[in-house]
Amino acid sequence: MSTDTLETRIRDKIRKSRRTVFLRDDFTSLAGYDQVGRALRKLEAQGRLVRVGQGLYAKVRKNRITGQPMLAAPGGFEQVAKEALNRLGVKWEPASAEKAYQAGGTQVPARVVVKVKGSFHRRIAFGRYRLGVERGNA
């Protein structure tokens, strides 16, 4: 019989994973819905995870300067937001501003915005960053 707590098993699963974004459902094999929720909230309070949306969590690391948790993804919030969309199965493409920049424009997009195909009504955010959504038949 293992003496590992649920919190420890979740922490180990996150540490071993190459993903940076996790769904609450990723941990349902370890325990029940409510138990997983309590463990995730505890890890969030300890600064080991951050909640970026309903049922969405991201890996963090400690900022060397401020000591505060920051997203561990090399691409920052933009990478986390796009990975979250992919994990949720949302069909998306870069927004018009990002496409113009990639095509040789000089205006660098200031916010993370994507064009969503179909219905999407979730909020994905971390700190002062928030995913913007363009509607369209992309």
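# Briefing on a predicted single-chain model

The chain contains four helices and nine strands. This is a predicted model. Read from the N terminus, its elements follow the order α-β-α-β-β-β-α-β-α-β-β-β-β. The C-alpha trace spans about 60 × 40 × 20 Å along its principal axes. Of the chain's 138 residues, 36% count as buried. Among contacts with a separation of 6 or more, 47% are accounted for by residues 24 or more positions apart.

**Nonpolar cores**

- The largest nonpolar core has 22 residues, and Phe77, Ile124 and Leu131 touch the most other members.
- Two or more residues of this core come from each of strand E1 (21-23), strand E2 (49-53), strand E3 (56-62), helix H3 (76-88) and strand E6 (113-117).
- Helix H3 gives the most to this core, contributing five residues.
- A second, separate core consists of twelve residues, including Ile14, Ala31, Ala39 and Tyr57.
- Leaving aside residues up to four places away in sequence, Leu131 touches Phe77, Ala81, Leu85, Val112, Val114 and Ile124.

- Helix H1 covers residues 6-16, and its buried residues are Leu6, Glu7, Ile10 and Ile14.
- Viewed down the axis of H1, these buried residues fall within an arc of 100°, so they line one face of the helix.
- The buried residues of H1 pack against E1, helix H2 (33-45), E2 and E3.
- Arg15 and Lys16 are exposed residues carried on the face of H1 that is turned away from its buried side.

**Lys59, a buried charged residue**

- Lys59 is located in strand E3.
- Lys59 is buried but has no salt bridge. The nearest side chain of opposite charge belongs to Glu83, 8.4 Å away.
- The side chain of Lys59 instead reaches two backbone oxygens: that of Ser17 at 2.5 Å and that of Arg19 at 3.4 Å.
- Not counting residues up to four places away in sequence, Lys59 touches Ile14, Arg15, Ser17, Arg19, Thr20, Phe22, Leu49, Met70, Leu71 and Ala72.
- Among these contacts of Lys59, Ile14 is a buried residue of H1 and Arg15 is an exposed one.

**Phe120 in a loop**

- Phe120 lies in the loop between E6 and strand E7 (125-126).
- Phe120 has a relative accessible area of 6%, and therefore counts as buried.
- Beyond its neighbours within four places in sequence, Phe120 is in contact with Leu85, Leu88, Val90, Val133 and Arg135.
- Phe120 and Lys91 are 29 residues apart along the chain, and their C-alpha atoms are separated by 9.4 Å.

**Salt bridges**

- Side chains of opposite charge can pair when their charged atoms come close.
- The count of salt bridges comes to six.
- Because Glu7 and Arg11 are four residues apart in helix H1, they are separated by about one helical turn.
- Lys42 joins Glu7 and Arg11 in a network of salt bridges.
- Glu78 forms a salt bridge with Lys82, and their closest N and O atoms are 2.8 Å apart. Both residues lie in helix H3, four residues apart, about one turn of the helix.
- Glu78 counts as partly exposed at 33% relative accessibility, whereas Lys82 is buried, with a relative accessible area of 14%.
- The side chains of Asp26 and Arg87 meet in a salt bridge of 2.8 Å, N to O. This pair links distant parts of the chain, with Asp26 in the loop between E1 and H2 and Arg87 in helix H3, 61 residues apart.
- Asp26 has a relative accessibility of 18% and so counts as buried, given that buried means under 20% relative accessible area.

Terms used: Residues numbered from 1 in each chain as written. Predicted model: local features only at pLDDT ≥ 70, side-chain atom pairs only at ≥ 80, totals over all residues. Heavy atoms only, no water. Core = buried A, V, L, I, M, F, W, Y, C linked by side-chain atoms within 4.5 Å. Buried < 20%, exposed > 50% of the residue type's maximum accessible area, 1.4 Å probe, protein only. Contact = heavy atoms within 4.5 Å. Arc of directions from axis to C-beta. Lys, Arg positive; Asp, Glu negative; His and termini not counted. Salt bridge = Lys/Arg side-chain N within 4 Å of Asp/Glu carboxyl O. Polar contact = N/O pair within 3.5 Å; in protein donor to acceptor, adjacent residues only side chain to side chain.
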